Amino acid sequence: MTLNQWLLDTKSFFVQAASGAAKSAAKSASNAAAPSATEGNQHPVAGSVRFENLGKTYRSSAGLVNALSDIDLSIPAGKIFGIIGRSGAGKSSLLRTINRLENPTSGRVWVDGQDVAAFDDDGLVALRRRVGMIFQHFNLLSAKTVFENVALPLRVAGVKPADIDKRVFELLDLVGLRDKHATYPGRLSGGQKQRVGIARALVHSPQILLCDEATSALDPETTQSILALLRDINRQLGLTVILITHEMGVIRDVCDEVVVLEGGRIAESGPVWQVFGEPQHAATRALLRPLEHELPDDLVSQLEQQEPPVLSGFQRVIELTYTGQGTIEPDLDRIAAALGSRVRLLYGGIDRIQGHTHGRLLIATGGTGPAAQTLVAQQLSHYARELGYVRHHA
């Protein structure tokens, strides 16, 4: 999204915010309230989001395009929730229905148990104060300092200067940029610019923070620092963080739960450790492929698919897979005992995601002995298969 697009999207919000600030607190509270909640939303939790049979259709030169179809999904309050999918999967369209930058064609979006489509102008202002948003390309005003960029929504809303100063410096402390308050964006690094964007998104103390590809324009080291900041904000402020990305590594490192979109539909969803450990949909497996430990070329070239006529000097290669289910973890001593032979670790990698063990190991063991499935039966791995044989030089 470009700066001009963002300004167009938020122009009415700023105008309405300035108007709304002049009204009494009682009237603002009244307008902020949506119609009475339907059954199932009687006791909503602040920061919760629910999509009910959501659909979004766009008109194009080629005709109607279904960006979203049949989206039924709940996002719990206080979680870091990831929305992932390939380009064109519908991630941005889904995210932007939460603060009504996009209006769904069908279905409903509920925020804190309130139907966002039912808000009038003042109610929409209140919604967008409760739902902050940060963007991929920062969207900072180059002619304004860091302080002025963060303060802008407060000034437009008519907040008193003394209160603006206090709030802006609180947020600059939170994101680690107090010493940059008088600096212009052109003199900031990409990570610093994104920190300014995060501070600006937090000025109204939102209950939900939307992140639109917030790390895609950053290098890996800076990405990690921004993800750490989002985790800290989630813990310290207790707000719900909803982020969209095409990078599975970002989901793995920061999110509690994830939904995978494919062609505007939900491919699968669940806790991150579960989706990563045993993906059910082809789209998820494709997205996860860059994180997998592929066999090195030199090992592939040594691998014999067929059992050699003479096993002397050869070892079986067994692949062990760990999906995070239960308490099964790699234990090389027990694996060797189960196979009745010493084992060599050839290749692989193990991750810990939300306290669950994930990954794949390739081991070499004696040319004969119990089948690989023995390891599964003894709960030493979730899956096991024999890949072939390699020569062992004693």
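**View 1. Helix α5 is mostly covered, with 8 of its 11 residues buried.** Buried here means under 20% relative accessible area, computed with a 1.4 Å probe on protein chains only, and helices are DSSP runs of H or I of at least four residues, numbered from the N terminus. The buried residues of α5 are Val-146, Phe-147, Asn-149, Val-150, Ala-151, Leu-152, Pro-153 and Leu-154. The model is predicted, with local features needing pLDDT of at least 70 and side-chain atom pairs counting only at pLDDT 80 or more, whereas totals for chains, interfaces and linings use all residues. Residues are numbered from 1 along each chain as its sequence is written, and side-chain values use heavy atoms, with hydrogens and water left out.

**View 2. Helix α5 (residues 146-156) packs with helix α6 (residues 161-174) at an angle of about 130 degrees, their axes being 10 Å apart.**

**View 3. Residues of α5 and α6 in contact, that is, with heavy atoms within 4.5 Å.** From α5, Val-146, Phe-147, Val-150, Ala-151, Leu-154 and Arg-155 meet Ile-164, Asp-165, Arg-167, Val-168, Phe-169, Leu-171 and Leu-172 of α6. The residues of this contact comprise 10 nonpolar, no polar and 3 charged, where Ala, Val, Leu, Ile, Met, Phe, Trp, Tyr, Cys and Pro count as nonpolar, Asp, Glu, Lys and Arg as charged, and the others, Gly among them, as polar.

**View 4. Gly-158 follows α5.** The phi of Gly-158 is positive, near 80 degrees.

Notes. Axes fitted to C-alpha atoms, helices over the stretch in contact; angles between N-to-C directions. Helix = DSSP H or I, 4+ residues; strand = E, 2+ residues; numbered from the N terminus. Buried < 20%, exposed > 50% of the residue type's maximum accessible area, 1.4 Å probe, protein only.
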